[in-house]
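I opened my notebook to look over one protein chain. I wanted the whole picture before the single residues.

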Amino acid sequence: MKSSLRIFSVVFLFVLQSQLGIAQDMVITYEDKYIESTVLNQSVKYSIILPEDYFKSEKKYPVVYLLHGLGGTNNSWLEYGRLSQYIETAMTQNKIQPMIYVMPEGYRTYYVNDYYGEFLYQDMFINELVPFIDSNYRTIPNNKNRATLGFSMGGFGALILPLKHPEVFSICVPLSISIRTDDQYMTEDAEEWDEQWGRLFGGMGLYGKDRITQYYKDNSPFHLLKKDNLNEYIDLKIFIDNGDDEQTLSKSNEELHMLLRDLNFKHEFRVRNGGHTFEYWRESLINGMNFIDDAFNEKPYRGDEKNDNNCSLNEIEISQNLVNETGYDVLLPKDYTTSTRNYPIIYFIGKFNDSTKASILDILSSQIKSNKFPPNISVFTDLKTPFDSIISTVKSKYRVRDGRRFQSVIGYKEEGLKALEKVLVSTEFTSCAIYDAPIDIEIFKSLNQRQLNSLERTWLYILTTDKSENYRSNGESHILLKERKIYHEYRVGEGKGGADWFLNELSEILDFSQKKIHY
């Protein structure tokens, strides 16, 4: 009866708004509804967002289940995630289709059944909540039209639910997944282990390998994903997004990505700037929901939303600023010949063609005009001429500002590794960014004190892509640098890399460099 009255009230309100000419929202939001669970022997709260046209037709909709983190509630995505605002903006821009969004209370369950059988939350979710939503709302009741999206503990839930029940869910977007590798579980602090993991997976009071119970393996993505059972997940679409400022989760999320790559399991993986915050997760909604929308429509993922920085200069302007030297090219700032000032210098190391150089200059010019980057001298080399020789020659011929703070290096692919090797034996650079370089992990494993001092002075930025051949060497480098508490920035972008990707990321790299130049 209460449910009928609520629906009647919403319909009446909608008619009244129409008659009065009042602007209507793109979505209809309900907080703190509930179902009565026989499995849990209690009420379970959920919040739900319905499309604006829900009461105008008999149309059926796909469903996204949004899961909160430890300490959150069924309203976390509404309040802190600002989900309604995001949906309205995306709908207005025709980026996503109308959907139903369900946000259940997840307690502290990690969206699994606990080992001791005291709180069978996943049974409730699969056998009661999903059927309840399908029975009480006009959903498209199949796995191709159900998705999960969650952060932290909810990120674990967003992944484990489709892994355990691919017949129910076929799309997932886990964010900042609160997951551990076996090694991390075995070495977890005893109190935190018992409180957070032992109570769920068994092994309370145990240490080391004894914590790796069979029940844990039955609920661990690291153990569920194997070569011999991948056919179970042939339709599963995964988009993982994790911030580079994460601590424990940097290693575990990266290891999960490397496992998926090793298994040739198609998926999307991103590492962006940020940490374990709602600011990060709100930004994750954009590409995450685009991914879900495309999957609902059975289309390939449209790709990440990005700024188009790949543009070129007028040929006359290029020729006026480009100086061809033996073994390298120099791009001078516009006012170089009309001033006497000295300039910071950036070394671009890689095989760049003229079109790419022109685009780099255009991006630099744009950053300088908007006061986001200082005027500078840019040097391009593929290092066929020794780097030390280039540095000394450039300093003698051009007005380079003295001091380590005013020299940065950006290395691309194989030449990026050479740039890194130079930085590790030098104190001449303030920052070093390397794009998709085939890093030798032994470089970081065997750092001596002098090299550690260099990395303390020289900010390091490592970029790669989720489809790169260098996924493992870059990922392992990030993990090792994290463990050794060596400051660095790390990003994983979309695709296989290439010049367009390099150019798209350049503005962020330049911002990183200028922060150190004018630190």
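**Confidence check**

I am working with a predicted model. I looked up its confidence first. The mean pLDDT of the protein is 90, and 92% of its residues reach 70 or more. Residues 1–23 fall below 50 in pLDDT. Beyond near neighbours in sequence, that stretch makes 12 contacts in the model. I found another such stretch at residues 308–319, where pLDDT stays under 50. For residues 308–319 the model has 18 contacts beyond four places in sequence. I note the rule for myself: where pLDDT is low, the predicted coordinates should not be read in detail.

**Overall build**

I looked up the secondary structure next. The protein has 19 helices and 16 strands.

How much of the protein counts as buried? I get 57% of the 519 residues. The accessible surface comes to about 23000 Å², and carbon and sulfur atoms hold 48% of it.

I then turned to contacts between residues at least 6 apart in sequence. Of these, 74% join residues at least 24 apart.

I picked helix H15, which runs over residues 414–424. Is it mostly covered or mostly uncovered? H15 is mostly covered, with 8 of its 11 residues buried. Among the buried ones I list Leu417, Leu420, Val423 and Leu424. Lys422 is buried too.

Glutamate 415 also lies in H15. I looked up its relative accessible area and found 4%. Buried means under 20%, so glutamate 415 counts as buried. Which residues does glutamate 415 touch, leaving aside neighbours within four places in sequence? I wrote down Ile349, Gly350, Lys351 and Asp382. I also checked glutamate 415 against alanine 437. The two are 22 residues apart in sequence, and their C-alpha atoms are 7.4 Å apart in space.

**Two residues with positive phi**

I keep a general point in mind here: most residues other than glycine have a negative phi. Asparagine 94 is not a glycine, yet its phi is positive, at about 55 degrees. It sits in the loop between helix H3 (83–92) and strand E4 (100–104). Tyrosine 110 is not a glycine either, and its phi is also positive, at about 55 degrees. I find tyrosine 110 in the loop between E4 and H4.

Are these two buried or exposed? Asparagine 94 is exposed, with a relative accessible area of 69%. Tyrosine 110 is buried, at 1%.

**Asparagine 145**

My last entry is asparagine 145. Where is it placed? Asparagine 145 is in the loop between helix H4 (121–136) and strand E5 (146–151). Its relative accessibility is 12%. The cut-off for buried is under 20%, so asparagine 145 counts as buried. Apart from neighbours within four places in sequence, asparagine 145 is in contact with Pro62, Val63, Ile140 and Phe296.

Note on methods
Residues are numbered from 1 along each chain as its sequence is written. This is a predicted model: local features need pLDDT of at least 70, side-chain atom pairs count only at pLDDT 80 or more; totals for chains, interfaces and linings use all residues. Side-chain values use heavy atoms; hydrogens and water are left out. Helices (H or I, at least four residues) and strands (E, at least two) are DSSP runs, numbered from the N terminus. Buried means under 20% relative accessible area, exposed over 50%, partly exposed in between (1.4 Å probe, protein chains only). Contact means heavy atoms within 4.5 Å. Accessible areas come from the Shrake-Rupley method with a 1.4 Å probe; for residues, only the protein chains shown count as cover. pLDDT is the predictor's confidence in each residue, from 0 to 100.
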